[in-house]
Amino acid sequence: MPKLLFSKIRFNEIRDLMQNVKRPRRIDIVLNGRRQKKDIQPRTTDHKLHPTMETLLHDKKYLAAFRSFLQSEFSEENIDFWLACEDFRWTTSQDDLRWKAEGIYQEFIQPSACREINVDHHIRERIKKSLEKPSNSCFDEAQKHVYLLMERDSCPRFLQSDAYLSLKHKSESVVHLAKKKLYQK
């Protein structure tokens with residue numbers, strides 16, 4: 001491991017990263033006595049940033065690709081739970097709230113549920129207690145937990161996956177063709 005840490009390849013990766021950092025001039029540091037936050041910001045680059053988790057969840061083509069990716073990893077219950085909670089949140093009828101809440105609980109929350117999500121015991125108990133008189137926010141804590149889990153774990157892997165890269169390549173080529181046609185006129 002120590003050899004890999006300081007290998008030429010690793011050194012070149014670090015050097016390449018450092019070239020993207022905007023460095024303050026030496027005289028500015030001497031005069032001010034300290035570095036300012038603006039001195040440590042990365043330079044802007046021409047490449048587009050990856051979509052955020054919000055974009056993945058609200059754009060139909062990204063959502064379909066992300067869901068397909070989660071299915072390949074056997075964790076599509078996370079996205080299905082999140083989507084069920086979004087639908088549940090907009091329910092207005094008290095009768096609908098009750099049967100939807102029961103359905104979500106039995107499918108995703110209940111211990112040994114067929115599509116059980118990964119939430120801790122305390123969250124499960126609070127949800128179970130809230131089912132006596134369900135409100136639109138009874139799954140909020142579990143939904144936030146699953147969202148953060150997908151954001152930290154699944155999303156970064158998806159952004160490196162072939163599914164995302166091919167989708168990105170297709171959308172870039174469509175944009176490129178559209179620009180080409182526009183400039184030909």
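At what angle do helix H7 and helix H8 pack, and how far apart are their axes?

A: Happy to walk you through it. This is a predicted model, in which local features need pLDDT of at least 70 and side-chain atom pairs count only at pLDDT 80 or more, while totals for chains, interfaces and linings use all residues. Residues are numbered from 1 along each chain as its sequence is written, and side-chain values use heavy atoms, with hydrogens and water left out.

Helix H7, residues 94–109, packs against helix H8, residues 121–130, at an angle of about 155°, and their axes are 11 Å apart. That makes the two helices roughly antiparallel (angles over 145 degrees count as roughly antiparallel, under 35 as roughly parallel, 65 to 115 as roughly perpendicular and the rest as oblique). Axes here are lines fitted to C-alpha atoms over the stretch in contact, with angles from 0 to 180 degrees between N-to-C directions. The crossing of H7 and H8 is left-handed (the near helix is turned anticlockwise from the far one by less than a right angle). From H7, the residues Tyr105, Phe108 and Ile109 meet Arg124, Ile127 and Lys128 of H8 (contact means heavy atoms within 4.5 Å). By class, four residues of this H7–H8 contact are nonpolar, none is polar and two are charged.

The loop between H7 and H8 holds Arg115, which leads us to H6. The side chain of Arg115 meets that of Asp80 in a salt bridge of 2.1 Å, N to O (a side-chain nitrogen of Lys or Arg within 4 Å of a carboxyl oxygen of Asp or Glu). Because Arg115 lies in that loop and Asp80 in helix H6, the pair ties together parts that are 35 residues apart in sequence. Arg115 is partly exposed, at a relative accessible area of 23%, whereas Asp80 is buried, at 11% (buried is under 20%, exposed over 50%, partly exposed in between, with a 1.4 Å probe).

Asp80 has another partner as well: its side chain meets that of Arg67 in a salt bridge of 2.8 Å, N to O. Here helix H6 (residues 76–89) is joined to helix H5 (residues 60–72), so parts 13 residues apart in sequence are tied together. Arg67 counts as partly exposed at 26% relative accessibility. Taken with Glu107, the residues Arg67, Asp80 and Arg115 are linked in a network of salt bridges.

H6 also reaches H7 directly. The side chains of Asp87 and Lys100 meet in a salt bridge of 3.2 Å, N to O. Asp87 belongs to H6 and Lys100 to H7, so this pair, too, ties together parts that are 13 residues apart in sequence. Asp87 is partly exposed, with a relative accessible area of 46%. The whole structure has ten salt bridges.

Now to H6 and H9. These two helices pack at about 140°, with axes 10 Å apart, and are therefore oblique to each other. H6 passes H9 in a left-handed crossing. H6 brings Asn78, Ile79, Phe81, Trp82, Cys85, Glu86 and Arg89 to the contact, and H9 brings Asp140, Ala142, Gln143, Val146, Tyr147, Leu149 and Met150. Sorted by class, the H6–H9 contact has nine nonpolar, two polar and three charged residues (Ala, Val, Leu, Ile, Met, Phe, Trp, Tyr, Cys and Pro are nonpolar, Asp, Glu, Lys and Arg charged, the others polar).

Asn78 is buried at 7% relative accessibility. Neighbours within four places in sequence aside, Asn78 is in contact with Ile117, Val146, Leu149 and Met150. From Asn78 to Leu149 is 8.7 Å, C-alpha to C-alpha, although the two are 71 residues apart in sequence.

Ser154 is buried, with a relative accessible area of 3%. Not counting residues up to four places away in sequence, Ser154 touches Phe66, Phe69, Leu70 and Leu149.

Stepping back, the protein has ten helices and zero strands (helices are DSSP runs of H or I of at least four residues and strands runs of E of at least two, numbered from the N terminus). Of its 185 residues, 30% count as buried. Among contacts with a separation of 6 or more, residues 24 or more positions apart account for 55%.
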